[in-house]
Amino acid sequence: MTLQILAVVVLGLMCGSELNVAAFAHPMLNRQPLEVHVRMRASLAALFGRVMPFWMGGSTLLNLLVLLPFERLSVPAWRFAAVAFAIQFSAVILSLIGPVPINNRIAKWTTESLPEDWQAQERRWDQYHWLRTCGLIVGFAILVLSVGGRE
């Protein structure tokens with residue numbers, strides 16, 4: 001049960017962080033003057049570019065560990081955990097294909113080095129991020145259901 005609770009807490013905290021970025025931080029940054037916007041967006045991209053691989057990877061690994069036999073899950077609880085793992089794993093793959101390459105470019109931006117399509121790149125990152133965030137929240141809810149179905 002400890003592993004399940006740890007998996008829920010770690011994924012729940014990550015979902016909260018991801019939702020904060022999508023719903024509050026980036027919309028607020030979009031209302032700032034260009035110099036502030038670019039500097040903060042680049043700083044956040046660099047920070048999360050270092051942190052999120054461990055957080056997303058660790059959270060996905062915890063969910064995978066929940067599926068192992070020593071957790072003694074009932075069949076429905078195991079299925080819920082398996083679906084949550086599949087969603088988390090899909091979010092990792094989506095991240096590697098979509099937002100991570102964009103994030104790596106944004107982390108290097110300055111007001112003097114902005115590419116012509118910088119706003120389109122930010123919008124694309126935000127769209128990928130919303131998709132990933134919604135998926136992770138669904139995965140989190142399903143993982144919580146698996147805790148309730150423990151033997």
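R132 is buried, since its relative accessible area is 7% (buried means under 20%, exposed over 50% and partly exposed in between, with a 1.4 Å probe and protein chains only). Keep in mind that this is a predicted model, where local features need pLDDT of at least 70, side-chain atom pairs count only at pLDDT 80 or more, and totals for chains, interfaces and linings use all residues. Residues are numbered from 1 along each chain as its sequence is written, and side-chain values use heavy atoms, with hydrogens and water left out.

What does R132 pair with? Its side chain meets that of E18 in a salt bridge, 3.2 Å from N to O (a side-chain nitrogen of Lys or Arg within 4 Å of a carboxyl oxygen of Asp or Glu). E18 sits in helix α1 and R132 in helix α5, so the pair ties together parts 114 residues apart in sequence (helices are DSSP runs of H or I, at least four residues, numbered from the N terminus). E18 is buried too, at 3%.

Now look at R41, whose side chain forms a salt bridge with D126 at 3.0 Å, N to O. This pair links distant parts of the chain, with R41 in helix α2 and D126 in helix α5, 85 residues apart. R41 is buried at 3%, and D126 is buried at 17%. Together with E122, R41 and D126 are linked in a network of salt bridges.

E35 is partly exposed, at 48%.

Over in helix α3 you'll find I97, which counts as exposed because its relative accessibility is 63%.

Conventions. Helix = DSSP H or I, 4+ residues; strand = E, 2+ residues; numbered from the N terminus.
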